[in-house]
Structure formats: C-alpha cells, structure tokens
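Visitor: I would like to learn how to read the features of a helical model, one at a time. Could you take me through the general idea and then the case at hand?

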Amino acid sequence: MADSGVNPTAAALLGLLHEGPMTGGQLMAAAERRLAPYWSMTRSQVYRELPVLAERGLVRLGKPGPRMSQPYSLTASGKRTFSRWLTENPGRDTIRNPIALRMAFGELHSASQLKSLYASANEYHTEALAQVREQVKNAKRDGETYDASALEFAVAYHRAALSWLKSAPVG
C-alpha cells in the first residue's frame, strides 16, 4: 500500500462510488461493466474491502434495503483518499497469463493438447476483442473519453494475444 493507505481494489471501489451510492452487488456490476476488460475484481474482494473502507470512514453505510443489501456512499475523506491515490506511482504491471504459463512447459504437452489449448485461447481472445471494441464504441458515443482510452488498452491486449497465439509452437 502506498501513502493513501488503500490498495488498488479499495481505490477502484472509491472511484466507482463517485457515481453515487451503491450496494456491494451494484459495485460488482459497475466494476464488471467499467473495469473488467483490463482489471479483475472478485466478489469476495469487494465484500472484504467495503467493511474496511467503512471502518476507516472512507465510505458510509446507508439504510438496509431488500435482502439486507446496504448501499455505500463516498465520504469527503474517501474522496480525499481517492484523490491522493490517483497521484501515487501505480507501480509495475503484474502479468499472469495461464496460456503462457502452460506454454513454458509445452514440451510436456502432446501436440493435440497444445492445439486444443491454443484454440480455446484464440476463441476467448476473439470474443473478448469483439466485446471490448463494442464497449469502446459505446464509451466514445457517450463522450466517456477516459473510459474509452482505458478500454483501448484491452483492445490492444487482445490483439497482441491473438497475434502471439498465431506464432505459438505446436510441438
């Protein structure tokens, strides 16, 4: 953790709460909608961070709603903490690609296993590329310049993955 005292998941939640009060489920949906193409967050991470943010006074709990869901809203302290987080050095990328990891041990696979692995990865990246291109188009149409720019990273990532898969050794 840096000077702001929040990790990237907590910071993402604070950033999303700038849109207005949301329950944990709504935050998860907003994270899926806005961040998933380039940043993964799990439901367990969201629900683990929210009580910590509330305890620190960065978010405030609202009145319980249906099925005991509680909306969280951003406090002034939460806004200041998020602003401070934005100014910090983001650190290095962490690359965790399950296909590359398996390829590193490619000599231990059969040729048919590798072909199947690559076909599955190719299908995933092709579909993901089409989805994120649509998101970019919608973000640009809606005037969401910064969202569109972040989503362009995901477009480039999926294009690079597809290009890389074309040159992968088959055995």
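This is a predicted model: local features need pLDDT of at least 70, side-chain atom pairs count only at pLDDT 80 or more; totals for chains, interfaces and linings use all residues.

Visitor: Let me begin with burial along a helix. Which residues of helix α2 are buried, and what do they pack against?

Guide: Burial is read from relative accessible area, where a residue under 20% is called buried and one over 50% exposed. In helix α2, which spans residues 24-34, the buried residues are Gly24, Leu27, Met28, Ala30 and Ala31. These residues cover an arc of only 165 degrees around the axis, and therefore they lie on the same side of α2. The buried residues of α2 pack against α1, residues 8-16, and against α3, residues 43-55.

Visitor: Turning to charged residues, how many salt bridges does a search of the whole structure find?

Guide: The general idea is to look for a side-chain nitrogen of Lys or Arg within 4 Å of a carboxyl oxygen of Asp or Glu. A search of the whole structure on that basis finds six salt bridges. One of them joins Arg34 and Glu19, whose closest N and O atoms are 2.6 Å apart. Arg34 lies in helix α2 and Glu19 in the loop between α1 and α2, so this pair ties together parts that are 15 residues apart in sequence. Both partners are partly exposed, Arg34 with a relative accessible area of 24% and Glu19 with one of 43%.

Visitor: Which residues are linked with Arg34 in a network of salt bridges?

Guide: When salt bridges share residues, they can be read together as a network. The network here links Glu19, Arg33, Arg34 and Asp147. Asp147 lies in helix α7, residues 145-166, and at 17% relative accessibility it counts as buried. The side chains of Asp147 and Arg34 are joined by a polar contact of 2.9 Å. If neighbours within four places in sequence are left aside, Asp147 is in contact with Arg34 and Ala139.

Visitor: Where do Lys140 and Glu152 lie, and what does their pair tie together?

Guide: Lys140 forms a salt bridge with Glu152, the closest N and O atoms being 3.3 Å apart. Lys140 lies in helix α6 and Glu152 in helix α7, so the pair ties together parts that are 12 residues apart in sequence. Lys140 counts as exposed at 54% relative accessibility, whereas Glu152, with a relative accessible area of 31%, is partly exposed. Another salt bridge joins Asp142 and Arg141, with the closest N and O atoms 3.1 Å apart; Asp142 is partly exposed at 47% relative accessibility, while Arg141 is exposed at 60%.

Visitor: Finally, how far apart are Leu162 and Thr126 in sequence and in space?

Guide: For this feature one sets the separation along the chain beside the distance between C-alpha atoms. Leu162 and Thr126 are 36 residues apart in sequence, and their C-alpha atoms are 7.4 Å apart in space. Leu162 has its place in helix α7 and is buried, with a relative accessible area of 13%. Leaving aside neighbours within four places in sequence, Leu162 is in contact with Asn122, His125, Thr126 and Leu129.

How values were computed:
Residues are numbered from 1 along each chain as its sequence is written. Side-chain values use heavy atoms; hydrogens and water are left out. Buried means under 20% relative accessible area, exposed over 50%, partly exposed in between (1.4 Å probe, protein chains only). Helices (H or I, at least four residues) and strands (E, at least two) are DSSP runs, numbered from the N terminus. The arc is that of the directions from the helix axis to the C-beta atoms. Contact means heavy atoms within 4.5 Å. A polar contact is a pair of N or O atoms within 3.5 Å; within protein, one must be able to donate a hydrogen and the other to accept it, and residues adjacent in sequence count only if both atoms are side-chain atoms.
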